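Here are a few friendly notes to read with the model open beside you.

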Amino acid sequence: MNLVKKIIIGGVGLAAILGAGFLAATQHGEIAPQSGIAVQDFSAQQIANGKTLVAMGDCAVCHTAKGGAENAGGFPMPSPFGTIYSTNITPDPETGIGRWSYEAFERAMRHGIDREGRHLYPAFPYTAFTRVTDTDMHDIYAYLMTQPAVKSHNPETALGFPFNIRRGIAVWNWMNLTPGPVADIASQTPEWNRGAYIAEGLGHCSACHSPRDAFAGEKKGSFHFAGGSAEGWDAPALTSATAAPVPWTSEDLLQYFRTGVSERHGVAAGPMAPVAHGLAHLPEEDLQALTSYILSHKNATAEPVDAQALVRKADTAQAVPADAQGLRLYQGACMSCHSSDPQGQLAASSFGSRPQLALNTNMHAQSPNNAVRAVLEGIQAPAHADLGTMPSFRHAMSDTQIAELLNTLRSQYGLPEWADLKQTVAKLRAETDPANAHH
Ligand code: HEC
Ligand code: HEC
Ligand code: HEC
């Protein structure tokens, strides 16, 4: 008998012994379907607040399929074990949550258990949503239940064994879920506490911005916000581990959250675009609070950097030969949109956002991932339409050319070249090929 077989059989034996207890401990009953939810009892104020909270929680980003009705589900989230599809959270009684009592809704949001008692996959960020207060939870429910009911039969999530055994998520929850709202920290300001509530709760910032352990749990402590990933993009560190050449100030963060762009850093593209789109709906005090909380994860004593001087330096440095192939490619393909004006002014352009690449976190990052993705795919869905789009260079440039271009810019900015960049471009080209798309 080979070793693997032994282990599996031993495991099954052990599970048989422990199984009864495990199954009992993780058993959740069905919450009876309710008909005739009294939507007339929800106040206009509740529904309006719920609408803002739903924007804060990006519900529609994950619960809306491409071209589908808002929140009707069917949005695919690929995982190494198969595709997880979001569900219909409109109040359709048959295919949505129309028969979910508040109690059932609250259990899903705080414990990751659906109305029938099944565990939900943590692709649904209930480990963050669990912190939502009772009042806010009621308001989210009020908003969702008063939206148009949409009938939508979405594809079933069918992961491979053993991930198809939803009960296994109970073990994951035991390690990663602390259910329920969290008390304010008395030594912090009310503003900071409000920011923590937004970021750690509905904002679920750490779902993307924290690295994950071997079991896909968010790493905590000093790893919190230290940089993670989302949909193939790198979500940069929000801590002092940031690669941003200019330290983020509170004005920078506020501008970024409000408009989707910081002229001293860059834009909220990729998976951050819909997040920034949602944040723009928040009242100004909430954005201030979020800013002050995020900023508290950075080193307050960071030296200020003159961003304009940095751009001027990048423009005038003769770090690479004037006739370098990469510089020519830049001048031909990128400069018309990305160059600074001769004074190195970071002028808020009236025509789109035109991020200064010399200041862009992605150009300074350890990994070329986001920069390469932006060039290959372009940016078709900016956070706000007025930021402008960027064309895809997939068909205009070879792997060698893209590598040459980006590494020349790195040299021009005084940064080491990215190693094996051509191979990385080739790999990302295959990964981002529209023909290989999951959906
Ligand atoms: C990052 C993506 C993501 C976001 C953001 C998200 N959800 Fe979900 N949600 C999912 C996925 C995926 C599922 C299905 C999980 C499964 O099938 O195990 C789900 C399931 C649910 C369910 C269970 C419904 C059912 O029929 O079983 C509810 C309720 C829900 N989400 C509400 C919300 C609300 C409210 C928000 C916003 C505050 C939200 N979700 C934001 C991904 C997301
Ligand atoms: C779905 C994943 C996701 C979520 C959720 C998310 N982010 Fe991001 N974030 C990203 C990605 C990816 C980028 C890189 C975007 C780019 O460079 O265009 C980013 C970029 C940023 C940046 C700019 C960093 C830099 O140095 O350029 C800030 C600031 C930021 N996010 C803050 C937040 C905050 C605050 C939240 C929660 C309210 C949040 N993010 C939630 C994925 C996410
Ligand atoms: C037609 C104008 C245009 C051209 C040409 C162009 N870009 Fe862009 N680029 C933009 C715009 C606009 C954005 C910001 C989009 C947004 O708001 O999300 C952007 C964003 C980017 C970003 C992402 C910044 C971030 O913070 O996420 C990178 C990197 C980038 N461009 C690199 C390049 C390179 C390299 C080239 C040349 C191969 C190039 N661009 C050509 C308009 C352009």
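A polar contact here is a pair of N or O atoms within 3.5 Å. This is a predicted model, in which local features need pLDDT of at least 70, side-chain atom pairs count only at pLDDT 80 or more, and totals for chains, interfaces and linings use all residues. Residues are numbered from 1 along each chain as its sequence is written, and side-chain values use heavy atoms, with hydrogens and water left out.

1. Start with the polar contacts of ligand 3. A backbone N or O atom of Val 267 sits 3.0 Å from one of the ligand's oxygen atoms. His 338 places a side-chain N or O atom 2.7 Å from a nitrogen atom of ligand 3, and a polar side-chain atom of Asn 360 is 2.7 Å from an oxygen atom of ligand 3.

2. Now look at the wider shell. Ligand 3 has 24 residues around it, counted when a heavy atom lies within 4 Å. Cys 334, Cys 337, His 338, Asn 360 and Met 390 come nearest. By class, 17 are nonpolar, seven polar and none charged; Cys and Met count as nonpolar, and Gly as polar.

3. Next, ligand 2. His 209 (NE2) and Met 272 (SD) coordinate its iron atom at 2.0 to 2.3 Å, where donors are N, O and S atoms within 2.8 Å of the metal (3.2 Å for Na, K and Ca). His 209 and Met 272 are 63 residues apart in the chain.

4. Finally, burial. Both His 209 and Met 272 are buried, meaning under 20% relative accessible area (1.4 Å probe, protein chains only).

How values were computed: Chains lettered and ligands numbered in written order. Helix = DSSP H or I, 4+ residues; strand = E, 2+ residues; numbered from the N terminus. Buried < 20%, exposed > 50% of the residue type's maximum accessible area, 1.4 Å probe, protein only. Polar contact = N/O pair within 3.5 Å; in protein donor to acceptor, adjacent residues only side chain to side chain.
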